[in-house]
Amino acid sequence: MQYHIIKRAAALLLTVGVFTACSKSFLELDPKGEFQEDTYYKTPDQAFAGLVSCYAPLTDAGGGIDGTYANTLGPLNAASDECLAGGGGASDMNTWQAMSDYSKLTPQVGPQGQFWSMDYKGIYRCNVLLTKIEGAGLDEATLKRYKAETQFLRAHYYFDLVRLFKNIILSLEPIPIAQNRDVKQTSADSVYAQVEKDLLAAIPNLPATVGEAEKGRVTQGAAIALLGKVYLYEKKWDEAAEQFNKINGPTPGGAATPVYGYQLVKNFADIFSPDHKFNSESIFELVYTGTGKTDWGNWFPGKGNVYVNMVGPRSYTGPTYFGGGWSFNPIIKETLVKDMHPSKDVYDPRYRYTIANIDSLTKATGSSYIEGYLNTGYFIQKFAPLQKYKVASGVAELNFPNDYIEIRLADTYLMEAEALVQAGTGTARAQKLLDAVRARVGLPSVPVTLKNIYHERHMELATEGHRWFDLVRTGRAAAVLAFKGFEAGKNEILPIPFAEFEFNKNLKQNPLYVN
């Protein structure tokens with residue numbers, strides 16, 4: 001769905017039943033039909049439906065330009081040194097294959113269509129709501145909160161786009177169709193400035209915490225953490241550390257943080273379990289459910305986490321795992337497996353909660369599976385399709401309930417430690433932050449150097465979609481990803497989707513990509 005098409009598509013209505021970034025009670029709301037934008041946003045219920053639609057692109061599975069399956073983790077993991085694309089063959093999810101082998105990444109082939117269209121869909125909806133919400137009859141407190149949530153979401157979408165493409169279109173209001181052909185790209189600095197502005201405006205009007213019925217809606221802590229991350233990418237080290245300090249609290253690894261109540265989860269495995277949604281480590285969590293009864297006829301707006309099945313072993317027979325997986329994102333033995341298991345008797349404590357050694361399991365239990373494309377025998381454990389979460393109704397492959405915690409406390413600990421070391425201040429606190437992450441899994445203290453912080457991020461956050469961004473922003477991508485054909489000065493950003501140039505001749509392609 002191209003940017004100009006999004007304008008037309010979003011003018012049609014907003015389905016209340018797609019609030020997949022909120023709690024079960026919101027997730028199971030019935031769809032209310034379609035409406036025209038020009039006559040909508042007149043009542044509090046309509047304003048809420050508009051807010052719902054602003055969240056939806058975060059978890060929508062059908063957002064690519066060609067309408068195929070869209071997902072964030074798949075291509076990002078494939079782009080890193082942690083995973084390959086995998087799947088059923090060299091053409092299976094060719095957008096992911098292009099991130100696993102950079103020589104295949106072109107303006108015509110790659111995941112850029114899904115990122116561009118989904119983020120701009122979200123931005124368009126946010127712009128519409130912010131333009132019209134004043135006339136929806138909301139009380140002052142509700143109006144402020146809805147606007148703050150929408151500002152956060154717009155900032156989130158723009159932050160994703162500027163990191164992925166750098167040279168993007170910045171608009172703060174809905175662009176009429178007639179003007180879409182004339183829009184031009186904006187400097188990255190201007191985009192970052194707007195992201196900061198939206199987050200700073202949102203923070204005072206967001207709730208510090210939310211009740212069970214609203215889990216998944218944006219909180220003040222999520223906005224502060226995202227602002228800190230934005231500052232980190234801009235190399236504003238002091239500002240980043242200041243924001244993360246608010247989230248991480250005065251006693252890293254100890255008591256829950258004041259106001260927000262964040263605290264490291266004692267059992268590392270619990271972080272990723274559907275039985276422990278919205279645990280004390282969760283700062284911003286994207287919600288999925290197994291109760292949506294999604295089937296092949298309605299799976300694009302479905303509420304289950306399809307990525308879980310994507311990464312399961314193919315046609316597996318045996319204990320623990322569901323047998324219908326599709327073998328995507330196999331873990332690379334020579335990199336992540338070796339990093340977490342460097343010798344026969346040496347393991348990082350997070351290894352077995354991060355990596356599933358299916359080859360070893362089949363030998364030990366007599367089970368079996370079909371080797372997929374680029375198979376390594378090692379699969380993602382954090383999002384593995386476990387038999388115990390297989391649903392009884394709907395298509396099992398489409399209804400796994402695993403959430404994705406996009407920002408969690410160990411992540412903000414390590415980002416604050418990095419910012420402090422980069423700034424040359426607060427080394428003692430940086431050491432405590434690093435130590436807390438390691439102590440949680442029983443590891444001893446190591447000196448708080450950038451090298452050690454980067455390594456800890458690699459071990460702690462593996463397969464959670466952060467590694468590629470970390471390698472790019474710290475200037476290590478060209479060296480680390482050379483074995484995948486990564487080209488310096490080119491592959492740090494994605495190409496602008498080729499389809500956009502057929503509509504808007506003002507766009508300029510990113511360096512070294514040829515339309």
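Visitor: Why is N399 called buried?

Guide: N399 has 0% relative accessibility, and buried means under 20% relative accessible area, exposed over 50%, partly exposed in between (1.4 Å probe, protein chains only). N399 therefore counts as buried. The model is a predicted one, in which local features need pLDDT of at least 70 and side-chain atom pairs count only at pLDDT 80 or more, while totals for chains, interfaces and linings use all residues. Residues are numbered from 1 along each chain as its sequence is written, and side-chain values use heavy atoms, with hydrogens and water left out.

Visitor: Where does N399 lie?

Guide: N399 is in the loop between β5 (378–380) and β6 (404–408). Helices (H or I, at least four residues) and strands (E, at least two) are DSSP runs, numbered from the N terminus.

Visitor: What does the side chain of N399 reach?

Guide: The backbone oxygen of T294, at 2.8 Å. A polar contact is a pair of N or O atoms within 3.5 Å; within protein, one must be able to donate a hydrogen and the other to accept it, and residues adjacent in sequence count only if both atoms are side-chain atoms.

Visitor: Which residues are in contact with N399, leaving aside its neighbours within four places in sequence?

Guide: They are T289, G290, G292, K293, T294, G304, V391, S393 and G394. Contact means heavy atoms within 4.5 Å.

Visitor: What makes I405 buried?

Guide: The relative accessible area of I405 is 8%, so I405 is buried. I405 is placed in strand β6. Not counting residues up to four places away in sequence, I405 touches I271, N279, S282, I283, F284, E285 and E464.

Visitor: What makes the pair R145 and E214 a salt bridge?

Guide: A salt bridge is a side-chain nitrogen of Lys or Arg within 4 Å of a carboxyl oxygen of Asp or Glu. The closest N and O atoms of R145 and E214 are 3.1 Å apart, and the two residues form a salt bridge. This pair links distant parts of the chain, with R145 in helix α7 (residues 140–165) and E214 in the loop between α8 (188–202) and α9 (220–233), 69 residues apart.

Visitor: Why is R145 called buried, and why is E214 called partly exposed?

Guide: R145 has 15% relative accessibility and so counts as buried. The relative accessible area of E214 is 22%, and E214 is therefore partly exposed.

Visitor: How many salt bridges does a search of the whole structure find?

Guide: The search finds 29. One of the pairs is E418 and R473, whose side chains meet at 2.7 Å, N to O. That pair links distant parts of the chain: E418 is in helix α15 (residues 409–423) and R473 in helix α18 (residues 467–473), 55 residues apart. Both E418 and R473 are buried.

Visitor: How do you know that R440 and E460 form a salt bridge?

Guide: Their closest N and O atoms are 2.8 Å apart. The pair links distant parts of the chain, R440 in helix α16 (residues 427–440) and E460 in helix α17 (residues 450–460), 20 residues apart. R440 and E460 are both buried. A network of salt bridges links E281, D348, R350, K382, R408, R438, R440, E456, E460 and E464.

Visitor: Which residues make the contact between α16 and α17?

Guide: The axes of α16 and α17 come within 11 Å and cross at roughly 35 degrees; axes are lines fitted to C-alpha atoms, for helices over the stretch in contact, and angles run from 0 to 180 degrees between N-to-C directions. The contact is made by L434, V437, R438 and R440 of α16 and N452, I453, E456 and E460 of α17.

Visitor: Why is V259 called exposed, and why S315 partly exposed?

Guide: V259 has a relative accessible area of 61% and is therefore exposed. S315 has 37% relative accessibility, so S315 counts as partly exposed. Phi of V259 is near 70 degrees, a positive value in a residue other than glycine. Phi of S315 is near 50 degrees, also positive in a residue other than glycine. S315 lies in strand β2 (residues 314–317).

Visitor: Why is S100 called buried?

Guide: S100 counts as buried because its relative accessibility is 9%. S100 lies in helix α5 (residues 94–100), and a polar atom of its side chain lies 3.1 Å from the backbone nitrogen of A85.
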